[in-house]
Amino acid sequence: MPDETLIDRRTLLAALAAALALGPSHARAETLRMRDLYNKDLSFSDLAQTMENERIEVRGYMAPPLKAESRFFVLTKRPMAVCPFCETEAEWPDDILAVYTKRIIDVVPYNVPITVAGRLQLGTYEDPETGFVSRVRTVESHYARD
């Protein structure tokens, strides 16, 4: 009987060591604030440039979508009941983020905080369906209420 207990302990220790060596099944996204993405002159920060094409998380609020059955929305720093982003690229505010998803979005009320996780992309992009121009966005994104 003592040998069985010893084998069980060895098996358990080996399994724990293997689990620690393997780590999590996917890398956790780094949580950023919108202000972390820009310098004071509205150029992209060193951190944003370092994180480009990496998965990030950002907290904020879903602005009312531009159209029904969309696969993208705009995340705002503060709740906004009206269009905060109907501007040109030159007037792009530093406190919003375009969010592109694989699925049609389920609209979340504008005053309910959410967390978005997606792959960060920088640079000018014009959405072919809406003509919406963004300077910074996440793609392959998921979101959930906080």
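The model is predicted: local features need pLDDT of at least 70 and side-chain atom pairs count only at pLDDT 80 or more, while totals for chains, interfaces and linings use all residues. Residues are numbered from 1 along each chain as its sequence is written, and side-chain values use heavy atoms, with hydrogens and water left out.

Select residues 72–76, which form strand β3. Helices (H or I, at least four residues) and strands (E, at least two) are DSSP runs numbered from the N terminus. In β3, 5 of 5 residues are buried; buried means under 20% relative accessible area, exposed over 50% and partly exposed in between, with a 1.4 Å probe and protein chains only. Phe72, Val74 and Thr76 lie on one side of the strand, Phe73 and Leu75 on the other. In a regular strand the side chains alternate between the two faces of the sheet.

Strands pair if DSSP finds at least two bridges between them. Here Tyr61 has Thr76 as its bridge partner.

Now show strand β4 (residues 96–101), paired with β3 in the antiparallel sense over 5 bridges. Leu75 stands opposite Leu97.

Finally, display the aromatic side chains. Rings of Phe, Tyr and Trp (its six-membered ring) pair if their centres lie within 6.5 Å; planes under 30 degrees apart count as stacked, over 60 as edge-to-face and the rest as tilted. The count is 5 aromatic pairs. One of them, Phe72 with Tyr100, is stacked, at 4.9 Å centre to centre and 15° between the planes. Phe72, Tyr100, Tyr125 and Phe132 form one aromatic cluster.
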